[in-house]
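The sequence and the structure come next.

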Amino acid sequence: QVQLNESGGGLVQAGDSLRLSCAASGRAFSSYNMGWFRQAPGKERDFVAAIGWGGGKWYADSVKGRFTISRDNAKNTLYLQMNSLKPEDTAVYYCAAALTGWTTPASYNHWGQGTQVTVSS
């Protein structure tokens, strides 16, 4: 079992940067694939980025080149560096943990409560 707690969201202007963090408690954080998802009002929860336990990374096309996912297993923490933010990045961002799977929400067993990111134009 792993518990997840996101932080770092906020209100920024287009072109700004934010770094989200996801602190994990519980056992075997390093054994999980970790992902970031986002959900805008009235829309489905979408894949943003994932990092495997071995370090492999995947990104949604909409964030490639702007967002970077990373993890620090010694600190049990997942990060999402978001640069060149756009108004369409506005959403609640969730971190999640999965033993298998990468890009689909159904693959993830554990979820944080989410952190709001709002990008003004």
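In this predicted model, strand β3, residues 18-26, pairs with β8 in the antiparallel sense. Six bridges join β3 and β8. One of the β8 contacts joins Cys22 to its bridge partner Leu78. Another has Ser21 with Tyr79 as its bridge partner in β8.

Strand β3 also pairs with β1. The sense is antiparallel, over six bridges. Here Leu4 has Ala24 in β3 as its bridge partner.

The bridge partners named above are listed below.

| Residue | Bridge partner | Strand of the partner |
|---|---|---|
| Cys22 | Leu78 | β8 |
| Ser21 | Tyr79 | β8 |
| Leu4 | Ala24 | β3 |

Where do these strands sit in the sheet order? The sheet is open and has four strands, in the order β1-β3-β8-β7. Its pairing is antiparallel. The edge strands are β1 (2-7) and β7, and each pairs on one side only. On average, neighbouring strands of this sheet are turned by 15° against each other, direction ignored. In general, strands of a sheet pair through backbone hydrogen bonds.

Now the loop residue. Lys75 lies in the loop between β7 (67-72) and β8 (77-82). Is Lys75 buried or exposed? Its relative accessibility is 59%, so Lys75 counts as exposed; the cut-off for exposed is over 50%. Along the chain, Lys75 and Ala23 are 52 residues apart. Their C-alpha atoms are separated by 8.1 Å.

How values were computed
Residues are numbered from 1 along each chain as its sequence is written. This is a predicted model: local features need pLDDT of at least 70, side-chain atom pairs count only at pLDDT 80 or more; totals for chains, interfaces and linings use all residues. Side-chain values use heavy atoms; hydrogens and water are left out. Helices (H or I, at least four residues) and strands (E, at least two) are DSSP runs, numbered from the N terminus. Buried means under 20% relative accessible area, exposed over 50%, partly exposed in between (1.4 Å probe, protein chains only). Two strands pair if DSSP finds at least two bridges between them. Axes are lines fitted to C-alpha atoms, for helices over the stretch in contact, and angles run from 0 to 180 degrees between N-to-C directions.
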